[in-house]
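Subject: Structure handover and notes

Dear colleague,

Please find the structure below. My notes on it follow.

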Amino acid sequence: MAAPPFAPILEAARTRLGAAALEARLTQPRSAAELKALAEDRYLSQMSLRIFRAGLKHSLVDAKWPAFEEVFGGFEPRRVRAMSDEALEALLGDRRLIRHWGKLKSVRDNAAAMIKLAEEHGSFGAWLADWPGTNIVELWEALAKCFSQMGGNSGPSFLRMVGKDTFILTYAVTAALKHWGAVDAPPKNRKDRAVVQSCFNTWTAETGRPLCQLSLILAASIE
């Protein structure tokens, strides 16, 4: 299925919100240099924040995050990887935290995974920065495979949080893809995601806009 032209989608979003209001909503991804410069403790913090936000009100989790920064030593990966089982279990008694054992344990597991990737690629930021946006759906798969609790939309949401350019298959985006004839049904598997990736690649070439902006414009075109 060929990608529909993006111009009518953009025009619909501008009609709904106003051109200036739409542009004000759009984010700019970080450059490759900026991604490589970001410290790994910030990547681990943001990944963990995404994991704890899943299924909960974001403001609730965000209000507790200073306590998480404290108990995990600023999320320095080697320090977190070295935490003992006893130290992790003790966190279940800290009322300042969200005391979910699977998510607490994921922080240590993900610290180890991040260190491994950093050793293979020079830094975790370099691994992200060097991944081509033309195949971002495979980066989602790699995150889900390498890291704990990073399946579904958690991987793309984490990428958006740290500034790696990506689209996100939110309800609004998938509804817009169907509305504009880019897909027949919401993407459910690797083949479906490859079709969506192809559409975004076409739209990037057509408009010169990053994936994150195309994603937000799609959502704004229908709601």
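In which helix does glutamine 213 lie? Glutamine 213 is part of helix 14, residues 211-220; helices here are DSSP runs of H or I with at least four residues, numbered from the N terminus. Before going on, note that this is a predicted model, in which local features need pLDDT of at least 70 and side-chain atom pairs count only at pLDDT 80 or more, while totals for chains, interfaces and linings use all residues. Residues are numbered from 1 along each chain as its sequence is written, and side-chain values use heavy atoms, with hydrogens and water left out.

Helix 14

Glutamine 213 has a relative accessible area of 8% and is therefore buried (buried is under 20% relative accessible area, exposed over 50%, partly exposed in between, with a 1.4 Å probe and protein chains only). Apart from residues up to four places away in sequence, glutamine 213 touches Leu26, Thr27 and Gln28, a contact being heavy atoms within 4.5 Å. Helix 14 is largely enclosed by the rest of the structure, because nine of its ten residues are buried. Those buried are Leu211, Cys212, Gln213, Leu214, Ser215, Ile217, Leu218, Ala219 and Ala220. Their cover includes helix 1 (7-17), helix 2 (19-25), helix 10 (136-146), helix 11 (154-162), helix 12 (171-179) and helix 13 (190-207).

Helices 4 and 8

Two packed helices are described by the angle between their axes and the distance between the axes. For helix 4 (residues 40-53) and helix 8 (residues 101-121), the axes come within 10 Å and cross at roughly 145 degrees. Axes are lines fitted to C-alpha atoms, for helices over the stretch in contact, and angles run from 0 to 180 degrees between N-to-C directions. On the helix 4 side the contact is made by Glu40, Tyr43, Leu44, Met47, Ser48, Ile51 and Phe52; on the helix 8 side, by Lys103, Leu104, Ser106, Val107, Asn110, Ala111, Met114 and Ala118. The residues of this contact comprise ten nonpolar, three polar and two charged (Ala, Val, Leu, Ile, Met, Phe, Trp, Tyr, Cys and Pro count as nonpolar, Asp, Glu, Lys and Arg as charged, and the others, Gly among them, as polar).

Salt bridges

There are 13 salt bridges, each a side-chain nitrogen of Lys or Arg within 4 Å of a carboxyl oxygen of Asp or Glu.

- Aspartate 130 pairs with lysine 36, the closest N and O atoms being 3.4 Å apart. Aspartate 130 lies in the loop between helix 9 (124-129) and helix 10, and lysine 36 in helix 3 (residues 32-37), so the pair ties together parts 94 residues apart in sequence. Aspartate 130 is exposed at 53% relative accessibility, and lysine 36 partly exposed at 41%.
- Aspartate 85 pairs with arginine 108, with closest N and O atoms 2.7 Å apart. Aspartate 85 is partly exposed at 40% relative accessibility, whereas arginine 108 is buried at 14%.
- Lysine 105 pairs with aspartate 109 at 3.1 Å between the closest N and O atoms. The two are four residues apart in helix 8, so about one helical turn separates them.
- Asp41, Arg42 and Glu69 are linked in a network of salt bridges.

Regards
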